[in-house]
Structures are given as C-alpha cells and as structure tokens.
Amino acid sequence: MIDSVNKAFGMSFRMEKIEKIKGLPIYMSSKRLFYKVMDNENSFLLVKLSDSEKFGVVAFEKQQKQYEEKINLPVAYWFDNVTRAQRDALINHHIPFVADDKQLYLPFLGISIQNSFKKKKEVKIEKMMPITQSLFLFLIYKCKNKKIMKKEAAEYLNVTRTSITRASEQLEKMGLIRQEMSGKECYMWTEESGYQLFLKAKGYLINPIQEWFVIENLYQFEEMPLSGECALSKYSMMNPSRVESVAIDKSMAKEYSFEKLDERWEDTKELIRIELWKYNPMRFSKDRLVDPISLYMSLLDNGDERIEGAIDEMLEEYEW
C-alpha cells in the first residue's frame, strides 16, 4: 500500500508498526493493527481494520476523534476493499482512508483519489490569483519571517482554509514560501523578507484594479483608503493629482449606486476616482493609504516616467 502512495505522489513515506496504544477501549484495539506512517515533514496513524468488522461510518468517525486525542496525529483507516457506496460514505463524512492500493482519501495531506490514481494537480505560476496576492501581502507585512498557521491567515483575510491552501500552493510553486505540517496544522513562512522578498515576487504580482471610473464626490467614501497618484503623493514628493482616488473592494460595489461621469466635461462638480480592487484594500492600508506594493502594481504601467521614478523610490525607502 505505502509503495503505491509513494509511487503515485513522488513521496517517501515509511511505515512503522505500533504494537499497542494505551488507554483505548477493547473494541478499538482488538483485531486492529496500527502503523505510524511518516516522511521528513508529515506523519499520521494508519488503522488496519479486520475483514470481519462491521462497516459503520458513524462509529468510524467517533473512533477517529478518539484515536487523534490519544496520539495527537491525523488518523486514516486501512481497508482491504471498499464498495462504491462505502467509499462515498467515508468521503461524505470526511473520514480519511486507503483501500486496495487505488483508493485514497487523505485530506490532511491534500490527497484525494476516488476511482484510480490521478495526475498531480497543476498549479499555474504565471501570475498570482487575487487571493494569492492577498496571502503574499499578509506574509510580507504581518509575518516577517515568522511561521504562520494557515488557519491564522484564513481568519485574518476572512476566507476559507481551502482558498488559503490554493494560494499557498501557488506561492510555494513560485518559490516564495515554504510549508510544513506539524501535527494537524500546516505552517507557512518566507525565507526572504522586506524589499528583497518583493523583488523576488515582483514578476508574479498583479494589478489589483479590476475597474475604475469617475463620479461626483459626495463625501461618502471618506473612510476608504486613498490610492493612485493621490496616495503616491503621500508616499513621495510628487504633487497630488487634481482628482482624488480611493480604493474599494469590488465585492462592496453593490452597496453603492454609481453615476459615472467623464471628467473632461465636468467643470463645476467636485469629482472622485473610484478604483474597484480584486481584493480588499483595507486589509493592508495604513493611515488611510493603500499599501505600497499594491499601489506600485496599480501604477506600474502608467507610462509616466515621473510616476515610475516615484514608485520605485517609494519601495526602496519604505520601512519594511
């Protein structure tokens, strides 16, 4: 069994038999075999069930939690064979298992194979997804070389752990972070920091602006962070633009009614430029300014040499 896992995923797991786990009820230890499965980064307990045992997902689920409490490791069941209905029941109850060398469901390792071995998932690394860039900004601004649990990142960014997993896989593939399992938790960290980490990531970063337009300034966006040339003037010696710019998470756009204007034909109204961002700009704003990396990416293709010089100087002088 373990050879099939290693061959399919390019891993190097090894198994050690555990003779006894103390403190278990007799029905959880009699006729069952226990193996510790491990490599250099991960480990879990594999519980080999006997052919004579009655199949019951509710019981398996309860016993899984008891095993985990005793040994403080993720737990998976080992079946010789499972039917399609049994397989579906185990997956629906999120019970990790392996069976007949072809069916594996090990969510704590990111492995889920239901009918046959599948190719490893491709991770695109041309450009960051918005959630990937949000995670990168969290790591570069908030963590600064500290190891951080995925659940902490998910809570801070207010997204699901699944989203964080997709983002961390992309960052790892880009060579920007490292990851490791410790018990039940997955930790992430960067080996570079500050400006050097930004330079390493620069080619993968995206422009955060989804769309922008100009409306009449009715002062309903005074809590939103300043962006564009307006923000750049605060970070540098540049003069501010005539029209103030603010950044808003695109998911918030539905909360407002926008009457878009053409500033070329508006001489009497006070105007404001609205930028709808692909991620929440307030997560990393400070002193009512969007964060410098996002600002840099939003102005990078401006074509104005004066602006290009100012944004380069801004990041070089930023206190990381």
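Reader: Let's start with helices α8 and α10; at what angle do they pack, and how far apart are their axes?
Author: Bearing in mind that this is a predicted model, helix α8, which covers residues 228-235, packs against helix α10, residues 305-317, at an angle of about 50 degrees, and their axes are 10 Å apart. That angle makes α8 oblique to α10, and the crossing of the two is left-handed.

Reader: Which residues make that contact?
Author: From α8 the contact is made by E229, L232 and Y235, while α10 contributes R306, I307, A310, I311 and M314. Sorted by class, the contact of α8 with α10 has six nonpolar residues, two charged ones and no polar ones.

Reader: And α9, how is that one placed against α10?
Author: Helix α9, made up of residues 292-299, packs with α10 at an angle of about 160 degrees, and here the axes are 10 Å apart. Since angles over 145 degrees count as roughly antiparallel, α9 is roughly antiparallel to α10. The crossing in which α9 passes α10 is left-handed.

Reader: Which residues meet there?
Author: On the α9 side they are P292, I293, L295, Y296 and L299, and on the α10 side they are I307, I311, D312, M314 and L315. By class, this contact of α9 with α10 has nine nonpolar residues, one charged residue and no polar ones.

Reader: Switching topic, what about α4 and α5, how do their axes cross?
Author: The axes of α4 and helix α5, the latter spanning residues 150-157, come within 11 Å and cross at roughly 105 degrees. The two helices are therefore roughly perpendicular to each other. In α4 the contact is made by I131, S134, L135, F138 and K142, and in α5 by A153, Y156 and L157. Grouped by class, the contact of α4 with α5 has six nonpolar residues, one polar and one charged.

Reader: Then there's S168, is it buried or exposed?
Author: S168, which lies in helix α6, residues 161-173, has a relative accessible area of 0%, so S168 is buried. If we leave aside its neighbours within four places in sequence, S168 is in contact with L135, K150, I177, Q179 and M188. One of these, L135, is also among the α4 residues that touch α5.

Reader: And Q64, what is it in contact with?
Author: Again leaving aside neighbours within four places in sequence, Q64 is in contact with V75, Y77, H94, I95 and P96. Q64 lies in helix α2, residues 57-71, and counts as buried because its relative accessibility is 9%, where the limit is under 20%.

Reader: You mentioned H94 there; where does it lie?
Author: H94 lies in the loop between α3, residues 84-92, and β5, residues 97-99. The phi angle of H94 is near 55 degrees, which is a positive value in a residue other than glycine.

Reader: What is the phi of Y219?
Author: Phi of Y219 is near 60 degrees, a positive value in a residue that is not glycine. Y219 is found in the loop between β11, residues 209-216, and α8, and its relative accessible area of 45% makes it partly exposed.

Reader: One more residue, E126: where is it found?
Author: E126 is found in the loop between β7, residues 111-113, and α4, residues 130-143, and at 59% relative accessibility E126 counts as exposed. Apart from neighbours within four places in sequence, E126 is in contact with G203 and Y204. E126 and A253 are 127 residues apart in sequence and 28 Å apart in space, taken from C-alpha to C-alpha.

Reader: Stepping back to the whole protein, how many helices and strands are there?
Author: There are 10 helices and 13 strands in the protein, and buried residues make up 46% of its 320 residues. The C-alpha trace spans about 85 × 40 × 35 Å along its principal axes. The radius of gyration is 26 Å, while a compact globule of 320 residues would have one near 20 Å. Of the contacts with a separation of 6 or more, 65% come from residues 24 or more positions apart.

Terms used
Residues numbered from 1 in each chain as written. Predicted model: local features only at pLDDT ≥ 70, side-chain atom pairs only at ≥ 80, totals over all residues. Heavy atoms only, no water. Axes fitted to C-alpha atoms, helices over the stretch in contact; angles between N-to-C directions. Helix = DSSP H or I, 4+ residues; strand = E, 2+ residues; numbered from the N terminus. Parallel < 35°, antiparallel > 145°, perpendicular 65-115°, else oblique. Left-handed = near helix turned anticlockwise from the far one by under 90°. Contact = heavy atoms within 4.5 Å. Nonpolar A, V, L, I, M, F, W, Y, C, P; charged D, E, K, R; others polar. Rg over C-alpha atoms; globule rule 2.2 N^0.38 Å. Buried < 20%, exposed > 50% of the residue type's maximum accessible area, 1.4 Å probe, protein only.
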